[in-house]
Amino acid sequence: AVLVSLLSAFGNACGRGPHFRVGAGRHHTKINAALVGETSKGRKGMSWGFVKNLMRAVDRYWAEERVENGLSSGEGLIYQVRDKRKGVDKKGDPTVEDQGAEDKRLFIMEGEFAGVLKVATREGNTLSAIIRSAWDDSKLSTLTKNSPMKATDSHVSIVGHVTKTELVRLLSDSDAHNGFANRFLWLCVKRSNILPFG
């Protein structure tokens, strides 16, 4: 749990520079991971504390400004990494309607990944599709008339914590087969032993 959280966090903090090629595509240092373990015994939440402290020492801005939680919609995810949006005023002069996100790195730490799985199954919710597109390095966009958003060159990584019972109950057949589950590294995590100062 500590290792995969560190790999995912470090890969996100590195940004879009490091990559390797697979065919014509570039694979950046993004890892989506789901830590599956028993409540209070898997120590999923404890694992993040060690990584958070280390990453704060490495890149304080990233740790304080680019780590979020509370995934609830695809639009909300896009908003965090959105591009600058330009327009024109009444005189026809160019204006900036939205400054966008200066930093396209986004690390999502979901201590309650069951909530994400539940939201993703709601009719009309775009979260599952946007998560898949973000991992694939595709352009993220919403094609709404009043507030269209798009995000290019985003660098999104997700680590979620969930129990086996919640996972079995909430991972829909659709998300198990449409590629959503394929874009996560699923790990069974257990506490190996009890130490006074682990």
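Rings of Phe, Tyr and Trp (for Trp, its six-membered ring) are taken to pair if their centres lie within 6.5 Å, with planes under 30 degrees apart counted as stacked, over 60 as edge-to-face and the rest as tilted. The structure is a predicted model, in which local features need pLDDT of at least 70 and side-chain atom pairs count only at pLDDT 80 or more, whereas totals for chains, interfaces and linings use all residues. Residues are numbered from 1 along each chain as its sequence is written, and side-chain values use heavy atoms, with hydrogens and water left out.

A search of the whole structure gives six aromatic pairs. One of these joins Phe180 and Phe184 in a tilted arrangement, with 5.2 Å centre to centre and 45° between the planes. Phe180 is buried (under 20% relative accessible area, with over 50% counted as exposed and values in between as partly exposed; 1.4 Å probe, protein chains only), its relative accessible area being 0%, and Phe184 is likewise buried, at 7%. Together with Phe113 and Trp186, Phe180 and Phe184 form one aromatic cluster.

Helix H6 spans residues 127-136, helices (H or I, at least four residues) and strands (E, at least two) being DSSP runs numbered from the N terminus. The buried residues of H6 are Leu127, Ser128, Ile130, Ile131 and Ala134. Seen down the axis of H6, these residues fall within an arc of 165° and so line one face of the helix, the arc being that of the directions from the helix axis to the C-beta atoms. Just after H6, Asp137 takes a positive phi of about 70°.
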